[in-house]
Amino acid sequence: MPPLPGAELVQTPVQLYRYLLRCCRQLPVGAVRNHYQHAIRQSFRVHSDEDDLERIQQIIKRAIEDADW
């Protein structure tokens, strides 16, 4: 699955969060979708205190690449 349109526009953690949840809409309804939505929410909470801009950009880049399930 190629990244959704707009992946290149993701610049902030909140934009990434919304982008990844939109990616989940392409998954079948059920346990798989729920699993990934939960993982996205947990990851967002874990990294919510990150303040290093370079690290944030690394996380965003990696998350978009990984969304290519």
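**Exercise 1.** What pLDDT does the chain average, and what share of the residues score at least 70?

*Solution.* This is a predicted model, in which local features need pLDDT of at least 70 and side-chain atom pairs count only at pLDDT 80 or more, while totals for chains, interfaces and linings use all residues. Residues are numbered from 1 along each chain as its sequence is written, and side-chain values use heavy atoms, with hydrogens and water left out. The chain averages a pLDDT (the predictor's confidence in each residue, from 0 to 100) of 90, and 93% of the residues score at least 70. Confidence is lowest in helix H3 (residues 53-66), with a mean of 93, and highest in H2, at 95; helices here are DSSP runs of H or I with at least four residues, numbered from the N terminus.

**Exercise 2.** Find the aromatic pair in the whole structure and describe its setting.

*Solution.* Rings of Phe, Tyr and Trp (its six-membered ring) pair if their centres lie within 6.5 Å, and planes under 30 degrees apart count as stacked, over 60 as edge-to-face and the rest as tilted. The search finds one pair, and this is Tyr-17 with Phe-44, tilted at 40° between the planes and 4.7 Å centre to centre. Because Tyr-17 lies in helix H1 (residues 13-24) and Phe-44 in helix H2 (residues 31-46), the pair ties together parts that are 27 residues apart in sequence. Tyr-17, at 23% relative accessibility, is partly exposed, and so is Phe-44, at 32%; buried means under 20% relative accessible area, exposed over 50%, and partly exposed in between (1.4 Å probe, protein chains only).

**Exercise 3.** Is Gln-37 buried or exposed, and which residues does Gln-37 contact beyond its neighbours within four places in sequence?

*Solution.* Gln-37 is found in helix H2 and, at 18% relative accessibility, counts as buried. With its neighbours within four places in sequence left aside, Gln-37 is in contact (heavy atoms within 4.5 Å) with Leu-21 and Cys-24.

Definitions and conventions:
Helices (H or I, at least four residues) and strands (E, at least two) are DSSP runs, numbered from the N terminus.
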